[in-house]
Amino acid sequence: MIRFENVTKVYDQKARPALDSVNLEIDRGEFAFLVGASGSGKSTFLRLVLKEDRATSGAVYVAGQNVAKISSWRVPRLRRGIGVVFQDFRLLPQKNVFANVAFAMQVIGKSRSVIRDTVPEVLKTVGLEGKEHRMPHELSGGEQQRVAIARAVVNRPGILLADEPTGNLDPTTSMGIMGVLDKINQNGTTVVMATHDDDIVNEMRKRVVELKNGVVIRDEAKALYTSMIPVVGQSRRLKDASGRDTPDAGQSGEGEGQR
Amino acid sequence: MRLAFILSEIGSGLRRNVSMVVSVILVTFVSLTFVGAAGMLQMQINQMKGYWYDKVQVAIFLCSEGSTAAGCASGPVTAEQQESLNSLLESPAVAQYINNFQYESKDEAYKHFKEQFSNSPIVDSVTPDQLPASFRINMKDPEKYQIISETFASQPGVETVIDQRQLLERLFSVMNGASLVAVSIAGVMIVCAILLIATTIRLSAFSRRRETGIMRLVGASKTVIQLPFILEGVIAAVVGAALASATLWAVAHFFLGQYMSQQYPDTAFISAGQTLILAPVLIILGGSLAGISSLLTLRRYLRV
């Protein structure tokens with residue numbers, strides 16, 4: 001569904017590349033975590049999938065298409081196939097829950113009757129039935145994020161990108177959000193989630209792709225936030241290089257995993 | 001559905017920055033009024049040309065008592081001189097250029113003078129003696145004035161030959177100057193309007209960046225995202241242009257049609273109906289200027 005072939009992205013010629021020769025394939029229906037410290041290239045990865053930026057070299061394939069070859073007037077069609085959720089929800093404050101979700105359908109020209117049928121259905125999927133007429137400020141953070149997820153998936157995209165969707169939420173609420181994302185994934189949508197949240201990653205036991213300074217240093221199925229094989233090879237070395245807090249994070253991550 | 005959506009977006013955009021929209025309307029209104037005023041002046045000039053060029057004539061003024069011109073050294077025109085001028089006018093060499101001519105005596109000249117300046121106190125101080133007699137010639141082709149002038153200027157008893165069209169040309173050049181001034185003011189105001197529209201659209205795009213950001217993410221087409229902004233500018237400009245057209249019509253109807261035509265009953269003024277020709281021109285001009293400037297602004301400030 002998403003394939004990166006030797007992708008390098010350089011923002012500033014003098015600095016190190018944001019992504020450095022990344023090769024990665026995420027299959028249809030997969031659920032993948034993208035983990036790594038700030039500046040490791042997670043957001044750049046998501047931006048390249050959305051064609052918000054062009055790769056400096058290499059090729060990005062989304063749903064079989066090389067995004068570099070998509071002409072600018074067809075980019076909207078690419079984006080209709082991708083839902084996006086952010087840490088800060090990005091709801092429209094003057095629209096109620098229903099209107100926020102319906103907005104995503106209106107702007108691509110869906111008819112009123114289709115909207116009337118689809119929106120309540122999606123709101124039910126994310127667990128917000130009966131809250132159609134609430135305004136965003138009347139909702140908790142978790143509920144707001146559910147609205148954002150509903151908006152991202154209402155047009156039934158094949159891919160859902162989530163950029164730290166639980167970053168602003170407490171652990172319990174985060175778990176609720178993960179339940180929603182998992183449900184969407186069960187329905188066949190490919191989910192790629194960039195996160196710092198080790199508890200969630202450890203709980204979910206999904207594929208984990210770890211980025212560090214623009215390089216993929218780990219790609220494990222059913223993995224934990226930090227590697228389960230602490231001594232072997234690259235990851236150990238990088239853990240040492242990354243400084244003080246990583247061993248701590250590693251310890252707590254492993255503890256979580258063993259529990 | 002999409003149309004309804006775009007319309008509602010336009011409505012909310014116009015409501016959100018009313019003051020900017022009003023200023024766009026006013027600036028386009030003023031600038032297009034100047035454009036229209038220049039257009040009206042040109043129409044008026046054409047109208048007067050058509051009206052006057054049929055009537056104006058070449059006048060051969062004959063020597064009178066007070067004449068100081070070189071040709072009048074021998075005193076006022078004599079009956080023989082007048083007779084020979086008359087026959088010269090009838091000779092085929094000259095007659096081929098003129099439609100007809102008539103002699104205007106001092107008394108007739110005085111009568112015309114009195115009519116023309118009926119409201120002015122100057123009439124009381126003028127006597128028939130002070131006005132020269134003349135031949136009034138109606139040319140077949142007014143451009144051939146030079147031939148008449150050359151033939152008659154040196155004839156005895158002729159004080160001077162005047163092409164009355166030149167008097168009008170002077171008036172027209174004043175009017176042309178005025179319309180040039182109007183066009184220059186309009187030019188400055190249009191630049192003003194374009195910049196103001198660009199700023200307004202920029203503000204509007206900025207205040208709705210949340211919405212447009214989401215629209216991009218869910219894959220709205222460029223048209224759906226940009227059209228509301230462009231139409232916002234276009235609508236404001238078209239309203240301004242409509243106001244300008246209405247103003248021009250009112251000027252033609254009330255000022256020219258009622259006031260001026262009473263003051264100068266023998267002048268042909270353009271009718272209010274004629275100014276309506278300007279309305280579509282102004283509306284298209286205003287609309288396209290606004291459309292182009294918003295489009296260029298959006299290309300810089302609204303990523304799609």
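Tutor: Start with a term. A crossing is right-handed if the near helix is turned clockwise from the far one by less than a right angle, and left-handed if anticlockwise. Keep in mind that this is a predicted model.

Now apply the term. Helix H7 of chain B covers residues 164-207, and helix H9 of chain B covers residues 222-263. H7(B) passes H9(B) in a right-handed crossing. On the H7(B) side, Ile197(B), Thr200(B), Ile201(B), Ser204(B) and Ala205(B) make the contact. On the H9(B) side, the partners are Phe229(B), Glu232(B), Gly233(B) and Ala237(B). Sorted by class, this contact holds five nonpolar, three polar and one charged residues.

Next, the geometry. The axes of H7(B) and H9(B) come within 10 Å and cross at roughly 140°. That angle makes H7(B) oblique to H9(B), because the roughly antiparallel class takes only angles over 145 degrees and the roughly perpendicular class ends at 115.

H9(B) also meets helix H2 of chain B, residues 18-53. Here the axes come within 7 Å and cross at roughly 40°. H2(B) and H9(B) are therefore oblique to each other. The cut-off for roughly parallel is under 35 degrees. H2(B) passes H9(B) in a right-handed crossing. From H2(B), the contact takes Val21(B), Val24(B), Ile25(B), Leu26(B), Thr28(B), Phe29(B), Leu32(B), Thr33(B), Gly36(B) and Met40(B). H9(B) answers with a list that includes Gly233(B), Ala236(B), Ala237(B), Val239(B), Gly240(B), Leu243(B), Leu248(B) and Ala252(B). The contact of H2(B) with H9(B) divides into 15 nonpolar, seven polar and no charged residues.

Four strands form an open sheet in the order E2-E3-E1-E4, with antiparallel pairing. Strand E2 (98-104) and strand E4 (158-163) of chain B are at the edges. Each has a single partner strand, so one side of each lacks a neighbour in the sheet. From one strand to the next, the twist averages 15°. Look inside the sheet. Strand E1 of chain B, residues 58-62, runs antiparallel to E4(B), and five bridges join them. Ile60(B) has Val161(B) of E4(B) as its bridge partner. A helix covers these strands: H6 of chain B, residues 145-153, packs on the sheet. H6(B) touches E1, strand E3 (134-139) and E4 of chain B, and its direction makes about 175° with that of E4(B).

Now the neighbouring chain. The contact between the chains takes 18 residues from chain A and 15 residues from chain B. On the chain A side, helix H2 (75-80) and helix H3 (97-106) are the elements that give two or more residues. H2(A) supplies the largest share, four residues. By class, that side has eight nonpolar, four polar and six charged residues.

Chain A has an open sheet of its own. Its four strands run in the order E2-E1-E4-E5, and the pairing is antiparallel. Strand E2 (19-26) and strand E5 (65-66) of chain A are the edge strands, each pairing on one side only. Strand E1 of chain A, residues 2-9, is antiparallel to E2(A), with five bridges between them. Phe4(A) stands opposite Leu24(A) of E2(A). H1(A) packs on this sheet and touches E1, E2 and E4 of chain A. The direction of H1(A) makes about 120° with that of E1(A).

Lys51(A) sits between helix H1 (42-49) and strand E4 (57-62) of chain A. Its phi is near 55°, a positive value in a residue other than glycine. Lys51(A) counts as partly exposed, because 19 C-beta neighbours lie inside 10 Å and buried needs 20 or more. Arg205(A) lies in the loop between helix H7 (198-204) and strand E9 (207-212) of chain A. Phi of Arg205(A) is also positive, near 55°. With 13 other C-beta atoms within 10 Å, Arg205(A) is partly exposed. His137(A) is in the loop between helix H4 (112-125) and helix H5 (141-153) of chain A. His137(A) counts as exposed, with 8 C-beta neighbours inside 10 Å.

Technical notes
Residues are numbered from 1 along each chain as its sequence is written. Chains are lettered from A and ligands numbered from 1 in the order in which they are written. This is a predicted model: local features need pLDDT of at least 70, side-chain atom pairs count only at pLDDT 80 or more; totals for chains, interfaces and linings use all residues. Axes are lines fitted to C-alpha atoms, for helices over the stretch in contact, and angles run from 0 to 180 degrees between N-to-C directions. Angles under 35 degrees count as roughly parallel, over 145 as roughly antiparallel, 65 to 115 as roughly perpendicular and the rest as oblique. Two residues are in contact if their C-beta atoms, placed from the backbone, lie within 7 Å. Ala, Val, Leu, Ile, Met, Phe, Trp, Tyr, Cys and Pro count as nonpolar, Asp, Glu, Lys and Arg as charged, and the others, Gly among them, as polar. Two strands pair if DSSP finds at least two bridges between them. A residue is buried if 20 or more other C-beta atoms lie within 10 Å of its own, exposed if 12 or fewer, and partly exposed in between; C-beta atoms are placed from the backbone.
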